[in-house]
Amino acid sequence: MRIRRLLAAVLLAALLAPAVRAQEQPCYVALTFDDGPCGNTGRLLDVLKKHDAKATFFVVGNKASPEFIKRAYEEGHSIGVHSYTHVYKDIYASEEAFFRDFLATEQVIYEQTGSYTRLFRFPGGSSNTCS
């Protein structure tokens, strides 16, 4: 239920934004989700579809359910690499470890969508505190 309320608030803000701005320029809202898929992904995809909204999903490869990744891709959402394990000490142990993790997730996405992605979000953000 919280997902629906959050998404409804974001969509409402996006719809109202042009009415309160002085200039007539397009308004965009970017929805991104990390660390999935998870138990709520199916419901989230249902809500996005109902509102004709698109999002970008940054996936964790060892959680990558073919059912949800393929569905999200086929419904027009973007899919990006986040991590394979999301275990910082392993991912950031070395440059080789980082790329091994990255490529494993990229392969999972390719197997489920038939396409390679150009999107990536660092596990733990782009801060040096995790690496």
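Select Lys49 to begin: this residue is exposed, with a relative accessible area of 56%. Here, buried means under 20% relative accessible area, exposed means over 50%, and partly exposed lies in between (1.4 Å probe, protein chains only). The model is predicted, so local features need pLDDT of at least 70 and side-chain atom pairs count only at pLDDT 80 or more, while totals for chains, interfaces and linings use all residues. Residues are numbered from 1 along each chain as its sequence is written, and side-chain values use heavy atoms, with hydrogens and water left out.

**First stop: a network of charged side chains**

A salt bridge is a side-chain nitrogen of Lys or Arg within 4 Å of a carboxyl oxygen of Asp or Glu. Side chains of opposite charge can pair when their charged atoms come close. Glu75 counts as buried, at 19% relative accessibility.

Next, select Asp46 and Arg71. Their side chains meet in a salt bridge of 2.5 Å, N to O. Asp46 lies in helix α2 (residues 41–50) and Arg71 in helix α3, so the pair ties together parts that are 25 residues apart in sequence. Helices (H or I, at least four residues) and strands (E, at least two) are DSSP runs, numbered from the N terminus. Asp46 is partly exposed at 40% relative accessibility, and Arg71 is partly exposed at 22%.

Now display Lys49 and Glu75 together with this pair. Salt bridges that share partners join Asp46, Lys49, Arg71 and Glu75 into one network.

**Second stop: His77**

Select His77, which is placed in the loop between α3 and β3. Is His77 buried or exposed? His77 is buried, with a relative accessible area of 4%. Its side chain reaches the backbone nitrogen of Ala55 at 3.0 Å.

Select residues 95–113, which make up helix α5. At 1.5 Å a residue, these 19 residues should span 27 Å, and the end C-alpha atoms are 27 Å apart, which agrees. The expected span is 1.5 Å times one less than the number of residues in the helix.

Within α5, colour the buried residues: Ala97, Phe98, Asp101, Phe102, Thr105, Glu106, Val108, Ile109, Gln112 and Thr113. They cover an arc of only 170 degrees around the axis, which puts them on the same side of α5. The arc is that of the directions from the helix axis to the C-beta atoms. What covers these buried residues includes β2 (56–60), α3 (66–74), β3 (78–83) and α4 (88–91).

Turn the view to the other side of α5, where Glu95, Glu96, Arg100 and Glu111 are exposed. Then move to Gly114, which follows α5 and has a positive phi, near 80 degrees.

**Last stop: Arg121 and Asp34**

Select Arg121 and Asp34. They form a salt bridge whose closest N and O atoms are 2.7 Å apart. Arg121 lies in the segment after α5 and Asp34 in strand β1 (residues 32–36), so the pair ties together parts that are 87 residues apart in sequence. Arg121 is partly exposed, with a relative accessible area of 28%, and Asp34 is partly exposed at 34%.

How values were computed. Contact means heavy atoms within 4.5 Å. A polar contact is a pair of N or O atoms within 3.5 Å; within protein, one must be able to donate a hydrogen and the other to accept it, and residues adjacent in sequence count only if both atoms are side-chain atoms.
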